[in-house]
Amino acid sequence: LQRNQFFTKAMIDWPNVTASSYEELDLKPEELQRSKCVLGFIPVIYYSVLLCVGVPVNILTAVALCRLACRTKKPLYYYLLAVTGSDILSQLFIIFVGFLLETAVFHRDVPTVLLHVVSAAEFAANHASIWSTVPLTVDRYVALCHPLLHRQISYPARARKIIAAVLVLSLTSGVPFFWWSDVWRDSHPPSALDAVLIWTHVTIIYFLPCSIFLVLNSLIIRKLKIRQRQQPCQEERGPPRRLGKTTAMLLALTSVFSVLWAPRTVVVIYHLYVSSVHQDWRVHLAYDLSNMLAMLNTAVNFFLYCFVSRPFRSVVRDIMLLRGGPLHPRRPLPQQQAPTNASNSSLYSGNNKRSQRDSTPLSPRRNRKPS
């Protein structure tokens, strides 16, 4: 009798039977067994390693980008710094608080309100990490395809305002996900609210940014090909390399994001319409693996920057060797000083430099002194 009870219990505990099988067994929703995590402790080990490697690497990236931004005053480094800061927030909220503390340590046995608050914070950090790349893409597109316009509208003060607006909108967009369902625990099928939140989520984190990346990157590549065909001049052999490296970095960032986040997008939609994570161990496994791939995106940018950018490698080397690099730019000489506001035209820049050269050697007393 005990043996029969054991085999009966094993059959009932076996997860991932279909909904029709549950109806045949006449089981209530609260009696349904949750699909088991096939990976066991592998996600805990993976996220622990990713957190221990990713946070120090991103902090090092942030310090290096801060030095480059202070030295060069280029909006590019401000946008990259925003991406790095958002990645750090994603690692802290999603990996450390969400996966390790709530799931691995407390087994999600915490107050429901706290779960929902952390969920909203996770989505906000996730949206900030992804959407910080969009202004960078737009800036590179304008720089390559409309260089005169880029000189007028792209400067550090405006970049900081754009970054602040993106962060505020990202934090605001995380508020509706306070009502995001726990796909691992909820036994009921996705509701209409779940469908709205899931489609909003995949649109914000994948479909909309990837569409922007695809369109702008295609225009950038097309523009570069046209330039290569039209200008084999010696004057422009230098600048295209620099622009090419920046473009290569942008293409690498957006391509890695598109590849790493695609599986999670597919699995979430599959969970909504085909089979839920709670019932099917295969969907559960796919959901765990896709989350692991998506979170890898928060730790790979450092290696992309090192591979593409020589100035970044140089600054990282100085930081690692504890060399004291200037955190603030040196004051340029008057004849080398350019206007800080890049919205001025090149003609105004030349007139400004000329006026500074002419007016610097003279003091106010000399001007009032009669000749």
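The expected span of a helix is 1.5 Å times one less than its number of residues. Helices (H or I, at least four residues) and strands (E, at least two) are DSSP runs, numbered from the N terminus. With that in hand, take helix H6: at 1.5 Å a residue its 13 residues should span 18 Å, and its end C-alpha atoms are 18 Å apart, which agrees.

Before going on, a word on what you're looking at. This is a predicted model, where local features need pLDDT of at least 70 and side-chain atom pairs count only at pLDDT 80 or more, while totals for chains, interfaces and linings use all residues. Residues are numbered from 1 along each chain as its sequence is written, and side-chain values use heavy atoms, with hydrogens and water left out.

**The overall picture**

The protein's secondary structure comes to 15 helices and zero strands. Of its 371 residues, 41% are buried, where buried means under 20% relative accessible area, exposed means over 50%, and partly exposed is in between (1.4 Å probe, protein chains only). Now for contacts, meaning heavy atoms within 4.5 Å: among those between residues at least 6 apart in sequence, 81% join residues at least 24 apart.

**H4 and its two partners**

Helix H4 covers residues 75–105 and helix H6 covers residues 133–145. Helix H5, which also pairs with H4, takes in residues 112–131. The table puts the two pairings side by side. Axes here are lines fitted to C-alpha atoms, for helices over the stretch in contact, and angles run from 0 to 180 degrees between N-to-C directions.

| Pair | Axes come within | Crossing angle |
|---|---|---|
| H4 and H6 | 8 Å | roughly 160 degrees |
| H4 and H5 | 8 Å | roughly 150 degrees |

The H4 and H6 angle makes H4 roughly antiparallel to H6. H4 and H5 are therefore roughly antiparallel to each other as well. As for the cut-offs, angles under 35 degrees count as roughly parallel, over 145 as roughly antiparallel, 65 to 115 as roughly perpendicular and the rest as oblique.

The crossing of H4 and H6 is left-handed, and so is that of H4 and H5. A crossing gets that label if the near helix is turned anticlockwise from the far one by less than a right angle, and is right-handed if clockwise.

Who meets whom? On the H6 side, Thr 133, Pro 135, Leu 136, Asp 139 and Arg 140 meet Leu 76, Tyr 79, Leu 80 and Val 83 of H4. Sorted by type, the residues of this contact come to six nonpolar, one polar and two charged. (Ala, Val, Leu, Ile, Met, Phe, Trp, Tyr, Cys and Pro count as nonpolar, Asp, Glu, Lys and Arg as charged, and the others, Gly among them, as polar.)

For the pairing with H5, the H4 residues include Val 83, Ser 86, Asp 87 and Phe 93, and the H5 residues include Leu 114, Glu 122 and Asn 126. That contact divides into 11 nonpolar, five polar and three charged residues.

H6 itself is largely enclosed by the rest of the structure, because 12 of its 13 residues are buried. Among them are Thr 133, Pro 135, Asp 139, Arg 140 and Cys 145.

Lys 73 sits in the loop between helix H3 (42–72) and H4. Lys 73 has a positive phi of about 60 degrees although it is not a glycine, and with a relative accessible area of 41% it is partly exposed.

Leu 81 belongs to H4 and counts as partly exposed at 23% relative accessibility. Not counting residues up to four places away in sequence, Leu 81 touches Ala 62, Leu 65 and Cys 66.

Arg 160, in helix H8 (residues 156–173), is partly exposed at 45% relative accessibility. Its C-alpha atom is separated by 9.1 Å from that of Ala 82, 78 residues apart along the chain.

His 201 lies in helix H9 (residues 192–230) and counts as buried at 0% relative accessibility. Leaving aside neighbours within four places in sequence, its contacts include Phe 123, Asn 126, Trp 180 and Arg 264.

Helix H11 (residues 281–296) has 16 residues and reaches 23 Å from its first C-alpha to its last, close to the 22 Å expected. Its buried residues include Val 283, Tyr 287 and Met 295.

Asn 297 is in the loop between H11 and helix H12 (301–308), and it counts as buried at 9% relative accessibility. Beyond residues up to four places away in sequence, Asn 297 touches Asp 87, Val 256, Phe 257, Leu 260 and Trp 261.
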